[in-house]
Amino acid sequence: MEHIRTPKVENVRMIDRLTPRKSTVGTLYLSSTHTIFVENSEAHKETWVLHSLVYNVERLPTNSSGSPLIIRCKNFHVYRLLIPQEKDCLDVLASLTQLSCPERYGELFCFSFNPNLDKELREKAWGFINLKAEFSRMGIPCNLWHVTAANHEYRLCDTYPSELFVPKSASPAVIVGSAKFRSRGRLPVLSYFHRDTSPNLFIASICRSSQPLTGFSARSSDDEQMLQAIMKSNPVSEFMYVVDTRPKLNAMANRAAGKGYENEDHYTNIKLQFIGIENIHVMRNSQQKLIDVGELAAPSMSDFLWGLENSGWLKHIKAVLDAGVFIAKAVAEDGVSVLVHCSDGWDRTAQACSVASVLLDPYYRTIKGLMVLIEKDWVSFGHKFSHRYAHLDGDPKEVSPVMDQFLECVWQLMQQFPCAFEFSERFLIQLHTHIYSCQHGNFIGNCQKERRDLRLQERTHSLWPHLWENRAEYTNPLYRTDHSQTQGVLKPLTTAYCFKFWKGMYGRAEKSVASHQSPADCLNAVREESQQLEEELSSHQEVPREMDAGQGIHMHA
Amino acid sequence: MEFAELIKTPRVDGVVLRRPFMPTVEGTLCLTGHHLILSSRQDNTEELWLLHANIDSTEKRFVGSLGTIIVKCKDLRVIQLDIPGMEECLNIASSIEALSTLDSVSLMYPFFYRPLFEVIEDGWQSFVPEESFKDLESMTDEWRLSEVNKDFSVCPSYPSLLTVPRDIDDESLCKAASFRHGGRFPVLSYYHKKNGMVIMRAAQPLTGTNGRRCKEDEKLINATLCAGKRGYIIDTRTIAVAQQAKARGGGFEQEANYPQWRRIHKAIERSNVLQDSLIKLVEACNDQSHSMDRWLSKLEASNWQSNVKEILTTACLAAQCIDREGASVLVHGTEGTDSTLQVTSLAQIILDPACRTIRGFEVLIEREWLQAGHPFQQRCAQSAYSNGKLRSEAPVFLLFLDCVWQILRQFPCSFQFNENLLIMLFEHAYASQFGTFLGNCVAERGKLQLSQKTVSLWSWVNRPQELERFLNPLYEPNNLVIWPSVAPQSLLLWEGVFLRWNRSTKCLDEAYQEMVHIIEYNKELQNKVNSLRRQLAQLETEDKMVADLK
């Protein structure tokens, strides 16, 4: 509260740049968690902006009509305010700058957010997504894979979950040895097991790890045995893929630092495949350019298309999707297991594994399934949420839109397979906001151990049950569990022209560009009405029969 | 019959047809006077019937004695025919070449086509100017129907009946016509019921370099203004292009002579530039090996989306003048047969809910394109694969359809018709069994006796069986003016046309079917519930009567 110098400013103008006549005048309030704009109009429309969603605040030089202030949010909303007095503007700027950059976890919104749940419900809520249940849903044959206790108390790898699935044939010594030969101890473990429903009955799996510490010549027989064990756990195949999601040049450069990639001569029966997803720094810059394109004042079509090309964003999205397609094809069509890694195995690896999983398994295309997938491939495997999404004031070089890209890959797939997903675009956008907003505890911290140490389950609330309760808002009306598109493996086309600019996500800098009518909303309304009609019909069903009988009597009478 | 001479080999067996994203078909290739037919003679396999008129260009190549003909169609599809035997292949290729480039209109398929359906409503009689005028008369008495162009001598590209201000006599019209390019003097295009403002269209005034003026022209357009009101002249060309036109006798309205009008210049490209844009766009869409950078840069370089944006922006401007400013508008470019019509017809779609119904849209195309003298035959003689010398081909109508699609996509519930109607119109404008899009103006169509010798497209479209395919299940009549966003991120590539043959549409078609299903199911339930409610109400009254009797 000490940060708030002026809690209330009147006669502030919220500007709509494209349609100036839609600009509104109102009162601006600053609370400890939100900036609130209340329109003077009769409706008193309110706009709430969470401080933790603020990306930056910019003040433009004062002009005759007042002091302009631009609030840019991490979910790409932009609010343009005109504050009558320069002093007020400076106060708001100073307050917001401090409020939007917490330095310690304890200051995050999730620790004060209180949705009035009692202790029991809160605990139950944290159990809503259960990864043990998820691994058993996959139908992992227990003669081939089992849970190892090697990472109990995070002894082996502090950024991994404590429970890890490894090939049953890998001895404890091999597991420890392999972890030692992998960057940050992130050894190869099971991410997804594909229970094949085709006549082939393949039992291929997707494993993940970080890069091996090969340098120019080092090798580890434990690590080699570990990969051999993974390959052997798929008895029908004679080799396995190692997918290095980095550009080959980057992987080679890592060798100078004692890291690198698997030497095909040392590992028996592996095929190494580079995919060429760029690193987090390239992605950060790319997205910034894309955001700039969305913010152009009155761009011509050329400005827009040139900016889109120049940002490189869709090229990167294509690279991530291509990685997923390669892995899914290997697993489902060739029945070959895949080990995926990048450098640390928590960014590109998470992207590639989760995109492949969405392609392979219809479950991950449901509302609950996507939650499970994010919990598994991202949260539990140590994707560094707090670093990547700048939850705290920290190193800007750690920030990168890794998760944004995964969500966009799903969105691009939804464009090609409109009936295949239970959720709508709104669900993805909502998830994106929550990843940045720190309202719930799910995405706080950088790994499971850190979350445990922060006692998040006791001190914060879980997002998942909240989204689940409101799932009606996020439903895709075209989804039907028995539809052919819902079943089986998705095989998207990844030709350049299949990728689109995600307007729902990046076109939000201007209010008036928003879509006018949404077919999805319209169809959902129709479906809701149909449901009510169905209920009315079934409630009447008994009545007419009695009436018919009655009518019969009339006729006789 | 003259076609027989052009067909050296009417039939070849063992021909293989290859199409992207479709299974290969092997069968017998037959050439008729108007069609290329490939039939596999097996059940359940699709036959290919291709109008020669649909063929834009062909390429042939040989590997040994196996010849391959690549056929590029005006609807943008590209197919490949593998033909065994060099001589057969050469014969087929030269026949296709000759049959697809027939010069004489009267040899075109519509003159030979006999419909297999019964014509219930003759499309040639469906849109009579007198009918539209009756509607207008019910709203205002400011306008009259003039027969000054009865014999097409005042303006060869106008229809015989024209709506003009009541107080302007035919003699003044003739004088105004002599002051406008091609005789296209200002005529009524649209009357906005809400406030009585109008859109007029014309061709450029012939001011020339020495600033000619024409009192009758000034009087004519001033007659459309209410006392003390100003109007807008929207010149679809940039000021620079309009200036240059003076050297060739054209020009624009000088402020001094038209003090009640404010002139605004926009930048819609000329038709030859648009054709170039289409060729580049389709080339980019057809290359699947493009990297993302190359694809986006080729898309940008084609300028197609820029053209869409500029045309829509100009149409929005015209609509804004009418609805927001409460001012009348005169639209013209150079000839008044291309960009002018794009702008006036799109403005009407924005302003007038009637134009968003199927019937209303047909009326719009009939009135603002066919009768207004858009030279369809010239513009649509060749499409995106035209590599020869171009005369006056240009995708003016296609761009209009693209703009309609953009609005439809932004307002998916406000149109009675769906994308299929737009795609169908694109196809038929370029190659058709119907006579509707033949000829360049009303006078030419009369000479060709199209209404007697050919079937109208509308006779076919308006059959209930066909209409179904074009109905938008999401349609909820919306009486408002709809303002589309023209921001670049709101305008998309029209995939239904430009990527139509470059991907499988199975999943998208399924999604459409699902949408139809949801809405039909809802209607079904509604009917059931309504009839139940009626039954219940009836029984209740009967019960009451019985109770009363007791």
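Student: Where is Asp347(A) found?
Tutor: In the loop between strand E14 (338-341) and helix H10 (348-360) of chain A. Helices (H or I, at least four residues) and strands (E, at least two) are DSSP runs, numbered from the N terminus. This is a predicted model, where local features need pLDDT of at least 70 and side-chain atom pairs count only at pLDDT 80 or more, while totals for chains, interfaces and linings use all residues. Residues are numbered from 1 along each chain as its sequence is written, chains are lettered from A and ligands numbered from 1 in the order written, and side-chain values use heavy atoms, leaving out hydrogens and water.

Student: Why is Asp347(A) called buried?
Tutor: Buried means under 20% relative accessible area, exposed over 50%, partly exposed in between (1.4 Å probe, protein chains only). Asp347(A) has 8%, so it is buried.

Student: What is Asp347(A) in contact with, leaving aside neighbours within four places in sequence?
Tutor: Contact means heavy atoms within 4.5 Å. On that test, the partners of Asp347(A) include Ile280(A), Cys342(A) and His383(A).

Student: Is Arg348(A) buried or exposed?
Tutor: Arg348(A) has a relative accessible area of 9%, so it is buried. Arg348(A) is found in helix H10 of chain A. Not counting residues up to four places away in sequence, Arg348(A) touches Asn279(A), Cys342(A) and Ser343(A), among others.

Student: Which residues does UniProt list for "binding site"?
Tutor: The unreviewed UniProt entry lists Asn279(A), Ile280(A), Cys342(A), Ser343(A), Asp344(A), Gly345(A), Trp346(A), Asp347(A) and Arg348(A).

Student: Why do they gather at one spot?
Tutor: They span 70 residues in sequence, yet no two of their C-alpha atoms are more than 12.3 Å apart, so they gather at one spot. UniProt positions use the numbering used here, feature names are shortened, and annotations may be inferred rather than shown by experiment.

Student: What is the order of the seven strands in the open sheet of chain A?
Tutor: E4-E3-E2-E1-E7-E6-E5, with antiparallel pairing. Two strands pair if DSSP finds at least two bridges between them.

Student: What makes E4 (46-50) and E5 (54-59) of chain A edge strands?
Tutor: Each pairs on one side only.

Student: How do you know that E5(A) pairs with strand E6 of chain A?
Tutor: Five bridges join E5(A) to E6 (residues 67-73) of chain A. Two would be enough, so the strands pair. In one of the bridges, the partner of Asn56(A) is Arg72(A).
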